[in-house]
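User: I have a model open and want a quick walk through it. Can you start with the terms, then go through the features?
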Amino acid sequence: MQSVHGYIVAAHIVAGALSLILFWVPTLTKKGGKVHSQFGDYYAKAMLFTSISGVISSTIALIAPLTIYPTVPEHFESTAHFTAHLRGQYTFLLMLSLLVWNNIRHAITVLAVKRDIAKLRTINYLWLPILLFVVAVVALYQGVTYGITLTCIFAPIALFNAVGIVRYAFQKEIVPGTWVTQHIGHIIGSGIGAYTAFFAFGGRTLFEGVPSLQIASWVLPSLIGVPFTIWLSNKYKPKKRKSKSVKASVKTKAAELN
């Protein structure tokens, strides 16, 4: 099982690195253009593989932590302490992988269904945000209990993400074009999650011994990604059409003036 886990993690890292590069092509190219659509598809497929492999590898490590890591490092006071550390680490990685998977799938699906959001109100679709919510609750508990800064930051984000997707699915009416801003927000959200994972595990080694820089590298993707999402969403935000009653009122007033 240790070898299988290692192969999955290796594939996860390779696909994740590719995703981090591909992310910028559809993000910075003309929306709806050939390059945007083509590379957006490449990015989505690479990120789906990355997130699903992350879910699988994390689940294996959570089920059998000491099978995957049989040697307890000397700085851990006991096997139980080491096991708790591994479970906390992989619960966070599981949550982040589910968050990215959730974002990518939603970003793709909203463009496919558009106004027909009844297709989102099925267990086949809602199981993923529900699972994300449950894992995020567990992660938040661990983060608060053991003072894990990164988990305390991203568990609420995962909770809001899960709730937001379910709320979108159960809206009574969708303003035409809303799916475009949903697509933009969740695609960039998947990129934020991917870069956060990269800095959480790569940046921790790079900035070892400097906690302030570690934390800065963890939140940097969100500090850049969130304002960019807001700006881009406002740019493509659909304009509300005036109701028929308002139009009729305008026509009536015009006729009275004439």
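Analyst: Terms first. Buried means under 20% relative accessible area, exposed means over 50%, and partly exposed is in between, with a 1.4 Å probe and protein chains only. This is a predicted model: local features need pLDDT of at least 70, side-chain atom pairs count only at pLDDT 80 or more, and totals for chains, interfaces and linings use all residues. Residues are numbered from 1 along each chain as its sequence is written, and side-chain values use heavy atoms, leaving out hydrogens and water.

User: Good. How many helices and strands does the protein have?
Analyst: It has 10 helices and 0 strands. Helices (H or I, at least four residues) and strands (E, at least two) are DSSP runs, numbered from the N terminus. Along the sequence the pattern reads α-α-α-α-α-α-α-α-α-α.

User: What share of the residues is buried?
Analyst: Buried residues make up 43% of the 258 residues. The accessible surface comes to about 14,800 Å², and 67% of that belongs to carbon and sulfur atoms. Those areas come from the Shrake-Rupley method with a 1.4 Å probe; for residues, only the protein chains shown count as cover.

User: And contacts: what part is between residues 24 or more positions apart?
Analyst: Among contacts with a separation of 6 or more, 74% are between such residues. Contact means heavy atoms within 4.5 Å.

User: Now the inside. Which residues have the most contacts inside the largest nonpolar core?
Analyst: F92, M95, L98, L132, L150 and A158, in a core of 21 residues. The elements giving two or more residues to this core are α5, α6 and α7 (149–169). Helix α5 gives the most, with 7 residues. A nonpolar core is a set of buried Ala, Val, Leu, Ile, Met, Phe, Trp, Tyr and Cys residues joined through side-chain atoms within 4.5 Å.

User: What does F92 touch?
Analyst: L150, T151, F154, A200 and F201, not counting residues up to four places away in sequence. Apart from that core lies another, of 17 residues, among them L22, I192, A194 and Y195.

User: Switching to rings. How many aromatic pairs are there?
Analyst: A search of the whole structure finds 8. Rings of Phe, Tyr and Trp (its six-membered ring) pair if their centres lie within 6.5 Å; planes under 30 degrees apart count as stacked, over 60 as edge-to-face and the rest as tilted.

User: Why is the F23 and W24 pair called edge-to-face?
Analyst: Because the planes are at 80°; the ring centres are 5.0 Å apart. F23 is buried at 6% relative accessible area. W24 is partly exposed at 39%.

User: What about W101 and W127?
Analyst: Also an aromatic pair, edge-to-face, with 5.6 Å centre to centre and 80° between the planes. The pair links distant parts of the chain: W101 sits in helix α5 and W127 in helix α6, 26 residues apart. W101 is buried, with a relative accessible area of 16%. W127 is partly exposed, at 35%.

User: Which residues do ring pairs link into a cluster?
Analyst: F23, W24, Y43 and Y195.

User: Back to W127. Which residues form the nonpolar patch on the surface?
Analyst: I123, W127, I130, L131, F133, V134, V137, V138 and V163, with about 740 Å² of accessible area together. Patches are made of residues with over 30% relative accessible area and no salt bridge; like charges are joined within 9 Å, and nonpolar side chains (Val, Leu, Ile, Met, Phe, Trp, Tyr) within 5 Å. A salt bridge is a side-chain nitrogen of Lys or Arg within 4 Å of a carboxyl oxygen of Asp or Glu. Helix α6 (residues 123–146) gives the most to the patch, with 8 residues.

User: Is V137 buried or partly exposed?
Analyst: Partly exposed, with a relative accessible area of 37%. V137 lies in helix α6.

User: Now the backbone. What is the phi of K114?
Analyst: Positive, about 50°, although K114 is not a glycine. Most residues other than glycine have a negative phi. K114 is in the loop between α5 and α6, and counts as partly exposed at 41% relative accessibility.

User: Last one. Where is Y236, and what is it in contact with?
Analyst: Y236 is in helix α9 (residues 211–236). Leaving aside neighbours within four places in sequence, Y236 is in contact with K31, V180, T181 and I184. H36, in helix α3 (residues 34–63), also touches K31, as well as P26, T29 and K30, not counting residues up to four places away in sequence.
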